[in-house]
Amino acid sequence: MKITIIGTGYVGLVTGTCFAELGNKVTCVDNNKKKIADLKKLIMPIYEPGLEDLVRRNVKEGRLLFTSSIKQAVKESEIIFICVSTPPKDDGEADLTSVENVARSIALNMSSYCLIVDKSTVPVETGEWVKHTIKVNLKDRGKKNLKFDVASSPEFLREGQAIYDFMHPDRIVIGVETKRAEELLSKLYKPFKVPIVVTDIKSAELIKHASNSFLAMKISFINVVSRLCEKVGADITKVARGVGLDKRIGKSFLDAGIGYGGSCFPKDVDAFIKIAEKHGCDLSILTETRRINSDQVRLFIKKIEDSLWIVKDKVIGVLGLSFKPGTDDLRNAASLKIIERLLSEGACIKTFDPQAMPKAGEIIKSSRLKFSKGVYDVAKGCDCLVIVTEWDEFKAMDLERIKKIMKQPLIIDGRNIFDPEYMKKIGIKYLSIGR
Ligand SMILES: NC(=O)c1ccc[n+]([C@@H]2O[C@H](COP(=O)([O-])OP(=O)(O)OC[C@H]3O[C@@H](n4cnc5c(N)ncnc54)[C@H](O)[C@@H]3O)[C@@H](O)[C@H]2O)c1
C-alpha cells in the first residue's frame, strides 16, 4: 500500500520504517528540513535500537522515502498517518496546533480519496476537529465533493524498544466511522497476528489516554507503597513481586523508583486531566498520580542531600541521563531536575550516559558539570554515586572496583538495580527506594 507519514520523530520514523519493512511504499514527511536532509543521508535523528539498519535497508530497496514536501507525499498516498508532536501547553492541555496545520495541508493538497489516520496521542474529539478542518478547507478550494475518511490508530510503542513493540504489539486499536476506513486499515495491519480492537474514533482516542494514565497510576501507586516500606523496614521489591504475580494486577510497571518521565506519561496524564475537566469530570485520581510522581524526585534529591550533609563542593557522580534505558530521550528526565538542583546547591557533577550525553550537553551548561567516558571515570574521586537510569552496563559494573576508586563508598540508587545485602557485605553504604 502507498502510505504517507507526517511527522518523522520517534513514532513517525519507526512507524514509517516498519510499514516499509512489511512491504508498503512509505513516504515520511517532516517540516524540520535538517531532519529530512540528515535522513536522506541516512543520519538518524534519534537513537533507537535497530532503527538505522532497518532505515538503510528499506531506503536501499526503494520502499522508504523522506521529503519535506507534504504536497508530493499527500498526492501519492491513499493512507496518511499524522504522527506530529502534541506537546503540552502551560496549563497541561494538549497543544494541537501541529495536528490542525497538517489537517489543513492535507486538505489543500489531496486530489483523490484519502484516509487520514491520527497516530499522535490526542484528546478525545480531536478526530472530529480534524474532519471539520479538512471539510472547511476542501470547500474553500472548491473541492467539497472530494471524499475522505478520518480514523484514529493510537500508538503504544515504548522508546528504547520501539521497533520490537511496533512489530509485536499486544493489540492494535482502530477507531473508524466507515466500512471503507476499516477495510483499508485492516488490510494494512493484516500481517500483525494480534487482536484488532475496532471502535468509534472517540473510544480509540480515549483508549490511548486511559492506557498511559493507568500505567502512570501503577507507577505512582508502587512508589507511595515504597515510602511506607522505608518507614516500616519492609522491602518494596518483595512486596511488588507478591502483588504483581496476581494475574489480575500484573508484574509490569510495579518497579519503585524515581517516578515516570519521558515525552508521554507526564504530558498525557496532564492532557487527560484537562479534557476531563473540560467535560466536567473529576479525574483527581490522576492529579494525585502526578503529585506523587513529582514528590518522588524531590524525596530522592533529599536522600542525596541528607546523606552528604553539605552538598556544596561535593563531587557527585550521576549515572544515567535519559528518562529510561535504550533511548537518548531527555524529555521530562529526572536526571535534569536532579542535576540542576545539585548544581544550584554548589555540587560538582560528573556524569555518564551511553546515549544521551550530546543532547544533555545542549540543555545543561555549567562549568561544574563534566561528561565522563564511562562508569569508572565517573566514580573516581566521587563523594557519592547516584544511579538515575537503569542501563545494563551500570548493572554490570564492578562494585569492588567502584568502592576502591570513590572518595567514600556511597551509592544512592533511584532504580533499585543492586542487592542491598551484597552492598552491605562489600562495605558500600547503599540507599535505594523502598528497601
Ligand atoms: N515517543 C513515544 O514513545 C510515543 C509513543 C506513543 C505515542 N506518542 C505520540 O506520538 C506523537 C509524536 O511523538 P514523538 O515522540 O514521535 O514526537 P517527536 O517530537 O519525536 O516527533 C514529532 C515530529 O513531528 C514533526 N512535526 C511537527 N509539526 C509538523 C508539521 N506541521 N508538519 C510536519 N512535521 C511536523 C516534528 O518536526 C518532529 O520531527 C505525540 O503525540 C506522542 O504523544 C509518542
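Phe253 sits in the loop between helix H10 (236-244) and helix H11 (265-278). Helices here are DSSP runs of H or I with at least four residues, strands are E runs of at least two, and both are numbered from the N terminus. The structure is a predicted model, in which local features need pLDDT of at least 70, side-chain atom pairs count only at pLDDT 80 or more, and totals for chains, interfaces and linings use all residues. Residues are numbered from 1 along each chain as its sequence is written, and side-chain values use heavy atoms, without hydrogens and water.

Phe253 has a positive phi of about 65° although it is not a glycine. Most residues other than glycine have a negative phi. Phe253 counts as partly exposed because its relative accessible area is 27%; buried means under 20%, exposed over 50%, and partly exposed in between (1.4 Å probe, protein chains only). Leu42 also has a positive phi, near 65°. Leu42 lies in the loop between helix H2 (33-40) and helix H3 (51-60).

Nine aromatic pairs were found in the whole structure. Rings of Phe, Tyr and Trp (its six-membered ring) pair if their centres lie within 6.5 Å; planes under 30 degrees apart are stacked, over 60 edge-to-face, and the rest tilted. Phe19 and Phe166 form an edge-to-face pair, 5.3 Å centre to centre with 90° between the planes. This pair links distant parts of the chain, 147 residues apart: Phe19 is in helix H1 (residues 10-21) and Phe166 in helix H7 (residues 162-167). Both Phe19 and Phe166 are buried. Phe352 and Phe394 form an edge-to-face pair at 6.3 Å centre to centre and 70° between the planes. Phe352 belongs to strand E10 (residues 348-352) and Phe394 to helix H16 (residues 392-395), so the pair ties together parts 42 residues apart in sequence. Both Phe352 and Phe394 are buried. One aromatic cluster is formed by Phe19, Phe81, Phe166, Tyr189 and Phe192.

On the surface, Lys71, Lys75, Arg141 and Lys143 gather in a patch of positive charge. Like charges are joined within 9 Å. Lys75 is in helix H4 (residues 70-75) and counts as partly exposed, at 41% relative accessibility. Arg141 and Asn109 are 32 residues apart in sequence and 9.8 Å apart in space, C-alpha to C-alpha. Asn109 is found in helix H5 (residues 97-109). Its relative accessibility is 13%, so Asn109 counts as buried.

Conventions. Patches are made of residues with over 30% relative accessible area and no salt bridge: like charges are joined within 9 Å, nonpolar side chains (Val, Leu, Ile, Met, Phe, Trp, Tyr) within 5 Å. Accessible areas come from the Shrake-Rupley method with a 1.4 Å probe; for residues, only the protein chains shown count as cover. A salt bridge is a side-chain nitrogen of Lys or Arg within 4 Å of a carboxyl oxygen of Asp or Glu. Lys and Arg count as positive and Asp and Glu as negative; His and the chain ends are not counted. The place of a charge is taken as NZ of Lys, CZ of Arg, CG of Asp or CD of Glu.
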